[in-house]
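Good morning. Please have a look at the sequence and the model on the screen, and I will walk you through a few parts.

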Amino acid sequence: MALAAGGRGAEGLELLVELRTRHPHDRELLTDAVVLARQAGDRRAAADGLDRLADLAGDPAERAALLRELAPLLDELGDPRAEERWAHLLDCDSGDPTALAALERAAERRGDHEGLIALLARRAERVDGVEELRRVRLRRAMILEQRLARHDEARAELEELLASTGDHLSVLRVLADL
C-alpha cells in the first residue's frame, strides 16, 4: 500500500498480482489488490479480485455484499460472468431487486421468455405497493400472451390481479383485448 501512497499504484498492483498467484487464498492480499486496482483505474483487475473474494467468502452476507459490487462491474465490462454472479447474488438474497432486474434484462436479451416470466413472478412476490405489483404482473401477463401465446394463463394472471388489487383501467383494457 506504500507504493499506492507514493503514486506508484500500478507497480503495487503488479506486485500484488504476483503475490496473489503465489497465495491465492489470502483474502488480505486480494482486498489490497482490489483497492490498488481501483486506485489505478484497472476495473478488470478489480473485478477479478472481487470475483475471487466472493468465491472465498464464507459468510452469506459478506458474499452478497461482494456480489453486489462485482456483478454491476462485470456488467459494465461486458463480462459474460455477470449474469452468473447476479444469479449467485439472488441465491444469497432471494429478494434483491437489482439482481432480479439484471436477470430480467439478461433473460429478455436472450429471448428466454420462460425464464423472464419466472423472474417476474418472483419480483411480484416481493414488490412494495399496489402500483408496482400491477406493473410487474401486467408485464408478466403481456409476455405470457404476446411471446408465449399462453392466453389462458395471461387471462388468469390478470383476473387474479384484479381480484387482489381491485379494478384498474389499464388491467381491464389488456384483459378485454385477450
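One term before anything else: a polar contact is a pair of N or O atoms within 3.5 Å; within protein, one must be able to donate a hydrogen and the other to accept it, and residues adjacent in sequence count only if both atoms are side-chain atoms. Here is a case: a polar atom of the Asp 79 side chain lies 2.7 Å from the backbone nitrogen of Arg 81.

Now the ground rules. This is a predicted model, where local features need pLDDT of at least 70, side-chain atom pairs count only at pLDDT 80 or more, and totals for chains, interfaces and linings use all residues. Residues are numbered from 1 along each chain as its sequence is written, and side-chain values use heavy atoms, with hydrogens and water left out.

The overall layout comes next. The protein chain has 11 helices and 0 strands; helices (H or I, at least four residues) and strands (E, at least two) are DSSP runs, numbered from the N terminus. Of its 178 residues, 38% are buried, where buried means under 20% relative accessible area, exposed over 50%, and partly exposed in between, with a 1.4 Å probe and protein chains only.

Back to Asp 79. Where does Asp 79 lie? Its place is the loop between helix 5 and helix 6 (81–92). Asp 79 counts as buried because its relative accessible area is 10%. Leaving out residues up to four places away in sequence, Asp 79 touches Arg 44 and Leu 74; contact means heavy atoms within 4.5 Å.

On to Arg 122, in helix 8 (residues 113–126). Its relative accessibility is 30%, so Arg 122 counts as partly exposed. Beyond four places in sequence, Arg 122 touches Leu 90, Ser 94 and Leu 100. Ser 94 is 28 residues away along the chain, and the two C-alpha atoms are separated by 8.6 Å.

Last, the interior. In soluble globular proteins, nonpolar side chains tend to be buried together. A nonpolar core is a set of buried Ala, Val, Leu, Ile, Met, Phe, Trp, Tyr and Cys residues joined through side-chain atoms within 4.5 Å. The largest one here has 44 residues, and Trp 86 and Leu 158 have the most contacts inside it. Helix 5 (residues 60–77) gives the largest share of this core, 7 residues. Among the residues that Leu 158 touches, beyond four places in sequence, are Leu 138, Val 171 and Leu 178.
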